[in-house]
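Thanks for asking me to look this one over.

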Amino acid sequence: MSSPKTETPLLESLNLYISRQASNPFRYVLEQSLYALLGWIPTIVGLGLRGVLYRIILRMDSWAAIEKNVRLRFADNIHLAHGVYLDEGVYLHACPSGIQIDERTIVMHGSVLHVYNFRDIPTSGICIGKDCLIGEYSVIRGQGGVTIGDRVYTSPLTQILAVNHVYEDPDKPFVDQGITAQGIVIEDDVWIGAGAIILDGVCVGKGAVISAGAVVTNDVPPHTVVGGVPAKKIKEIDGSEVGSVDNVIYHHLVEERS
(Lines give C-alpha, C1' and ligand atoms only; values in the text may rest on other atoms or scores of the structure.)
Protein backbone atom coordinates (compact mmCIF):
# COMPACT_ATOMS: atom_id res chain seq x y z
CA MET A 1 0.00 0.00 0.00
CA SER A 2 1.52 3.30 -1.09
CA SER A 3 1.95 6.12 1.39
CA PRO A 4 0.15 9.46 0.86
CA LYS A 5 1.97 11.90 -1.41
CA THR A 6 3.10 14.42 1.15
CA GLU A 7 6.68 14.92 0.00
CA THR A 8 6.00 17.08 -3.03
CA PRO A 9 4.20 19.92 -1.21
CA LEU A 10 6.81 19.78 1.54
CA LEU A 11 9.69 19.98 -0.92
CA GLU A 12 7.96 22.78 -2.79
CA SER A 13 7.57 24.72 0.43
CA LEU A 14 11.19 24.10 1.35
CA ASN A 15 12.44 25.18 -2.06
CA LEU A 16 10.27 28.29 -1.90
CA TYR A 17 11.63 29.17 1.52
CA ILE A 18 15.26 28.78 0.43
CA SER A 19 14.64 30.77 -2.76
CA ARG A 20 13.48 33.68 -0.57
CA GLN A 21 16.62 33.54 1.56
CA ALA A 22 19.57 33.01 -0.78
CA SER A 23 20.58 32.81 -4.43
CA ASN A 24 20.75 29.01 -4.39
CA PRO A 25 20.81 26.11 -1.88
CA PHE A 26 24.61 26.10 -1.69
CA ARG A 27 24.66 29.82 -0.87
CA TYR A 28 21.94 29.26 1.72
CA VAL A 29 23.97 26.62 3.55
CA LEU A 30 27.17 28.70 3.32
CA GLU A 31 25.59 31.92 4.54
CA GLN A 32 23.57 30.34 7.34
CA SER A 33 26.63 28.40 8.53
CA LEU A 34 28.65 31.59 8.84
CA TYR A 35 25.82 33.35 10.67
CA ALA A 36 25.52 30.45 13.11
CA LEU A 37 29.26 30.38 13.75
CA LEU A 38 29.99 34.11 13.87
CA GLY A 39 26.77 36.10 13.97
CA TRP A 40 26.28 35.94 17.74
CA ILE A 41 29.82 36.83 18.90
CA PRO A 42 29.86 40.17 20.77
CA THR A 43 32.49 42.90 21.23
CA ILE A 44 35.37 43.76 18.94
CA VAL A 45 36.21 40.07 18.67
CA GLY A 46 32.99 39.48 16.78
CA LEU A 47 33.48 42.64 14.72
CA GLY A 48 36.92 41.44 13.70
CA LEU A 49 35.87 37.92 12.81
CA ARG A 50 32.88 39.06 10.79
CA GLY A 51 34.95 41.78 9.12
CA VAL A 52 37.32 39.11 7.82
CA LEU A 53 35.16 36.05 7.21
CA TYR A 54 31.95 37.67 5.94
CA ARG A 55 33.97 38.61 2.85
CA ILE A 56 33.34 35.03 1.77
CA ILE A 57 29.63 35.79 1.30
CA LEU A 58 29.43 39.54 0.52
CA ARG A 59 31.45 42.30 -1.07
CA MET A 60 33.31 44.46 1.43
CA ASP A 61 35.75 47.25 0.56
CA SER A 62 38.63 47.55 3.02
CA TRP A 63 36.87 47.37 6.41
CA ALA A 64 33.22 47.46 7.54
CA ALA A 65 31.83 46.83 11.03
CA ILE A 66 28.94 44.38 11.42
CA GLU A 67 27.59 44.00 14.95
CA LYS A 68 26.14 40.77 16.34
CA ASN A 69 22.64 39.62 15.37
CA VAL A 70 22.64 41.39 12.00
CA ARG A 71 20.48 39.42 9.55
CA LEU A 72 21.65 39.29 5.93
CA ARG A 73 19.75 37.65 3.07
CA PHE A 74 21.10 37.25 -0.48
CA ALA A 75 24.45 38.35 0.91
CA ASP A 76 26.12 37.99 -2.49
CA ASN A 77 24.06 41.03 -3.57
CA ILE A 78 25.29 43.22 -0.68
CA HIS A 79 28.17 45.68 -1.13
CA LEU A 80 29.55 47.50 1.92
CA ALA A 81 32.13 50.23 1.34
CA HIS A 82 34.91 51.16 3.75
CA GLY A 83 33.77 52.40 7.14
CA VAL A 84 30.16 51.20 6.93
CA TYR A 85 28.64 50.31 10.30
CA LEU A 86 25.68 47.95 10.76
CA ASP A 87 24.28 48.10 14.29
CA GLU A 88 22.71 45.19 16.18
CA GLY A 89 19.37 43.97 14.87
CA VAL A 90 19.77 45.41 11.37
CA TYR A 91 18.13 43.36 8.58
CA LEU A 92 19.31 43.54 4.96
CA HIS A 93 17.37 41.57 2.33
CA ALA A 94 19.09 42.22 -0.99
CA CYS A 95 17.15 40.12 -3.51
CA PRO A 96 17.84 40.39 -6.36
CA SER A 97 19.30 43.70 -7.53
CA GLY A 98 21.25 44.36 -4.40
CA ILE A 99 21.99 46.78 -1.60
CA GLN A 100 24.96 49.12 -1.87
CA ILE A 101 26.05 51.23 1.11
CA ASP A 102 28.83 53.74 0.56
CA GLU A 103 31.69 54.89 2.77
CA ARG A 104 31.20 55.75 6.45
CA THR A 105 27.42 55.30 6.42
CA ILE A 106 25.83 54.11 9.66
CA VAL A 107 22.72 51.93 9.81
CA MET A 108 21.32 52.02 13.32
CA HIS A 109 19.67 49.39 15.50
CA GLY A 110 16.59 47.62 14.18
CA SER A 111 16.59 49.18 10.72
CA VAL A 112 15.28 47.17 7.77
CA LEU A 113 16.59 47.55 4.21
CA HIS A 114 14.43 45.28 2.10
CA VAL A 115 14.57 44.95 -1.68
CA TYR A 116 12.46 41.78 -1.77
CA ASN A 117 11.79 41.83 -5.51
CA PHE A 118 10.35 38.55 -6.74
CA ARG A 119 8.39 40.15 -9.60
CA ASP A 120 11.35 40.92 -11.90
CA ILE A 121 11.01 44.67 -11.43
CA PRO A 122 14.01 46.03 -13.38
CA THR A 123 14.61 49.12 -11.22
CA SER A 124 14.70 47.42 -7.82
CA GLY A 125 17.57 47.95 -5.40
CA ILE A 126 18.79 50.21 -2.60
CA CYS A 127 21.80 52.51 -3.01
CA ILE A 128 22.90 54.72 -0.10
CA GLY A 129 25.64 57.33 -0.44
CA LYS A 130 28.51 58.41 1.79
CA ASP A 131 28.33 59.67 5.39
CA CYS A 132 24.62 58.88 5.79
CA LEU A 133 22.80 57.91 8.96
CA ILE A 134 19.82 55.56 8.87
CA GLY A 135 18.06 56.06 12.20
CA GLU A 136 16.83 53.40 14.57
CA TYR A 137 13.97 51.19 13.33
CA SER A 138 13.81 52.89 9.94
CA VAL A 139 12.42 50.93 6.99
CA ILE A 140 13.56 51.22 3.36
CA ARG A 141 11.62 49.16 0.80
CA GLY A 142 13.41 49.06 -2.53
CA GLN A 143 11.14 47.23 -4.95
CA GLY A 144 11.01 50.25 -7.28
CA GLY A 145 14.54 51.35 -6.46
CA VAL A 146 15.71 53.73 -3.74
CA THR A 147 18.66 56.03 -4.36
CA ILE A 148 19.92 58.09 -1.42
CA GLY A 149 22.67 60.69 -1.84
CA ASP A 150 25.49 61.71 0.48
CA ARG A 151 25.07 63.04 4.03
CA VAL A 152 21.39 62.10 4.27
CA TYR A 153 20.13 61.59 7.83
CA THR A 154 16.95 59.73 8.63
CA SER A 155 15.70 60.02 12.19
CA PRO A 156 14.23 57.01 14.06
CA LEU A 157 11.15 55.24 12.72
CA THR A 158 11.23 56.77 9.24
CA GLN A 159 9.88 54.84 6.24
CA ILE A 160 10.99 55.11 2.61
CA LEU A 161 8.64 52.91 0.59
CA ALA A 162 9.25 52.50 -3.14
CA VAL A 163 6.23 50.30 -3.75
CA ASN A 164 2.45 50.66 -3.80
CA HIS A 165 -0.48 48.26 -4.07
CA VAL A 166 -3.12 48.64 -6.78
CA TYR A 167 -6.64 48.55 -5.30
CA GLU A 168 -9.00 50.30 -7.74
CA ASP A 169 -11.03 47.22 -8.77
CA PRO A 170 -13.67 46.59 -6.06
CA ASP A 171 -14.35 43.11 -7.43
CA LYS A 172 -10.82 41.83 -6.82
CA PRO A 173 -8.77 41.47 -3.66
CA PHE A 174 -6.00 44.06 -3.72
CA VAL A 175 -3.43 41.27 -3.49
CA ASP A 176 -4.54 40.12 -6.96
CA GLN A 177 -4.31 43.57 -8.57
CA GLY A 178 -0.53 43.90 -8.61
CA ILE A 179 1.78 46.64 -7.45
CA THR A 180 3.40 49.78 -8.82
CA ALA A 181 7.05 50.59 -8.17
CA GLN A 182 8.24 53.92 -9.55
CA GLY A 183 11.20 54.44 -7.25
CA ILE A 184 12.37 57.12 -4.82
CA VAL A 185 15.32 59.52 -5.10
CA ILE A 186 16.65 61.44 -2.11
CA GLU A 187 19.41 63.87 -3.05
CA ASP A 188 22.39 65.02 -0.96
CA ASP A 189 22.16 66.72 2.44
CA VAL A 190 18.52 65.86 3.23
CA TRP A 191 17.32 65.58 6.83
CA ILE A 192 14.25 63.39 7.43
CA GLY A 193 12.51 63.85 10.78
CA ALA A 194 11.36 61.09 13.11
CA GLY A 195 8.39 59.05 11.93
CA ALA A 196 8.26 60.65 8.48
CA ILE A 197 7.07 58.53 5.54
CA ILE A 198 8.21 59.01 1.93
CA LEU A 199 6.00 57.24 -0.58
CA ASP A 200 6.74 55.77 -4.00
CA GLY A 201 7.49 58.05 -6.95
CA VAL A 202 8.90 60.93 -4.88
CA CYS A 203 12.11 62.89 -5.43
CA VAL A 204 13.41 64.88 -2.46
CA GLY A 205 15.72 67.68 -3.59
CA LYS A 206 19.13 68.57 -2.22
CA GLY A 207 19.20 70.17 1.21
CA ALA A 208 15.49 69.65 1.91
CA VAL A 209 14.10 68.98 5.38
CA ILE A 210 11.18 66.62 6.03
CA SER A 211 9.44 67.43 9.31
CA ALA A 212 8.74 64.73 11.89
CA GLY A 213 5.59 62.74 11.13
CA ALA A 214 5.19 64.08 7.59
CA VAL A 215 3.79 61.89 4.80
CA VAL A 216 5.48 62.90 1.54
CA THR A 217 3.42 62.11 -1.55
CA ASN A 218 4.88 64.62 -4.03
CA ASP A 219 8.33 65.85 -5.03
CA VAL A 220 10.09 68.19 -2.60
CA PRO A 221 12.13 71.05 -4.18
CA PRO A 222 15.71 71.58 -3.05
CA HIS A 223 16.28 73.56 0.16
CA THR A 224 12.63 73.38 1.19
CA VAL A 225 11.07 72.43 4.52
CA VAL A 226 7.86 70.38 4.28
CA GLY A 227 5.54 68.93 6.91
CA GLY A 228 2.07 67.59 7.55
CA VAL A 229 -0.18 64.88 6.12
CA PRO A 230 0.09 65.06 3.19
CA ALA A 231 3.31 67.06 3.36
CA LYS A 232 3.17 70.68 2.19
CA LYS A 233 5.73 73.44 1.93
CA ILE A 234 6.47 75.25 5.20
CA LYS A 235 9.32 77.48 4.07
CA GLU A 236 12.38 77.78 1.87
CA ILE A 237 15.91 77.55 3.22
CA ASP A 238 17.35 80.68 1.57
CA GLY A 239 19.99 81.75 4.07
CA SER A 240 17.96 84.63 5.46
CA GLU A 241 17.83 83.04 8.92
CA VAL A 242 21.53 82.21 9.27
CA GLY A 243 22.67 83.26 12.76
CA SER A 244 19.14 83.68 14.07
CA VAL A 245 19.05 80.46 16.13
CA ASP A 246 18.92 81.34 19.84
CA ASN A 247 20.00 77.91 21.12
CA VAL A 248 23.61 76.83 21.52
CA ILE A 249 24.90 75.18 18.34
CA TYR A 250 27.38 72.30 18.61
CA HIS A 251 29.71 71.17 15.82
CA HIS A 252 31.97 68.19 15.16
CA LEU A 253 34.98 67.98 17.43
CA VAL A 254 37.10 66.63 14.57
CA GLU A 255 37.90 68.38 11.34
CA GLU A 256 35.07 67.95 8.85
CA ARG A 257 35.77 66.00 5.68
CA SER A 258 35.99 67.91 2.43
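**Notes on the predicted model**

1. Asp 61 has 28% relative accessibility and so counts as partly exposed, whereas Arg 59, at 51%, counts as exposed. Please keep in mind throughout that this is a predicted model.

2. The pair above belongs to a total of seven salt bridges in the structure. Another one joins Glu 103 to Arg 104, with the closest N and O atoms 3.1 Å apart. Both residues are partly exposed: Glu 103 has a relative accessibility of 27%, and Arg 104 has one of 26%.

3. Which other residue does Arg 104 form a salt bridge with? The partner is Asp 131, and here the closest N and O atoms are 2.7 Å apart. Arg 104 sits in the loop between strand 7 and strand 8 (106–107), while Asp 131 sits in the loop between strand 10 and strand 11 (133–134), so this pair ties together parts that are 27 residues apart in sequence. Asp 131 counts as buried because its relative accessibility is 18%, and buried means under 20%. Through shared partners, salt bridges link Glu 103, Arg 104 and Asp 131 into one network.

4. Now for the overall picture. The protein has 258 residues, of which 41% are buried, and its secondary structure comes to three helices and 25 strands. The C-alpha trace spans about 85 × 55 × 25 Å along its principal axes. Of the contacts between residues at least 6 apart in sequence, 28% join residues at least 24 apart. The protein exposes about 14400 Å², and carbon and sulfur atoms supply 58% of that area.

5. One sheet to trace in the viewer is an open one of seven strands, paired in parallel, in the order 3-6-9-12-15-20-23. Strand 3 (71–73) and strand 23 (215–216) are at its edges; each has a single partner strand, so one side of each lacks a neighbour in the sheet. Within this order, strand 6 (residues 91–93) and strand 9 (residues 112–114) pair in the parallel sense over three bridges. Leu 92 has Leu 113 in strand 9 as its bridge partner.

6. The largest nonpolar core contains 52 residues, and Leu 86, Ile 101 and Ile 186 have the most contacts inside it. Several elements each supply at least two residues of this core, among them helix 2 (25–38), strand 4 (78–80), strand 7 (99–101) and strand 18 (184–186). Helix 2 gives the largest share, three residues. In soluble globular proteins, nonpolar side chains tend to be buried together.

7. Two residues are handy for exploring the packing. Leaving aside its neighbours within four places in sequence, Ile 186 contacts Thr 147, Ile 148, Gly 149, Val 152, Ile 160, Ile 192, Ile 198 and Val 204. Leu 34 is in helix 2 and counts as buried because its relative accessibility is 9%. Not counting residues up to four places away in sequence, Leu 34 touches Gly 39, Leu 53, Tyr 54, Ile 56 and Ile 57. The C-alpha atoms of Leu 34 and Ile 210 are 39 Å apart, with 176 residues separating them along the chain.

8. Val 52 lies in helix 3 (residues 43–53) and, with 47% relative accessibility, counts as partly exposed.

9. My last point concerns a hairpin. Strand 24 (residues 224–227) and strand 25 pair in the antiparallel sense over four bridges, and Thr 224 has Glu 236 in strand 25 as its bridge partner. Four residues lie between the two strands of this hairpin, in which Gly 228 takes a positive phi near 100°. How many of the five residues in strand 25 (residues 232–236) are buried? The count is zero, and strand 25 is hardly covered.

Terms used: Residues are numbered from 1 along each chain as its sequence is written. This is a predicted model: local features need pLDDT of at least 70, side-chain atom pairs count only at pLDDT 80 or more; totals for chains, interfaces and linings use all residues. Side-chain values use heavy atoms; hydrogens and water are left out. Two strands pair if DSSP finds at least two bridges between them. A nonpolar core is a set of buried Ala, Val, Leu, Ile, Met, Phe, Trp, Tyr and Cys residues joined through side-chain atoms within 4.5 Å. Buried means under 20% relative accessible area, exposed over 50%, partly exposed in between (1.4 Å probe, protein chains only). Contact means heavy atoms within 4.5 Å. Accessible areas come from the Shrake-Rupley method with a 1.4 Å probe; for residues, only the protein chains shown count as cover. A salt bridge is a side-chain nitrogen of Lys or Arg within 4 Å of a carboxyl oxygen of Asp or Glu.
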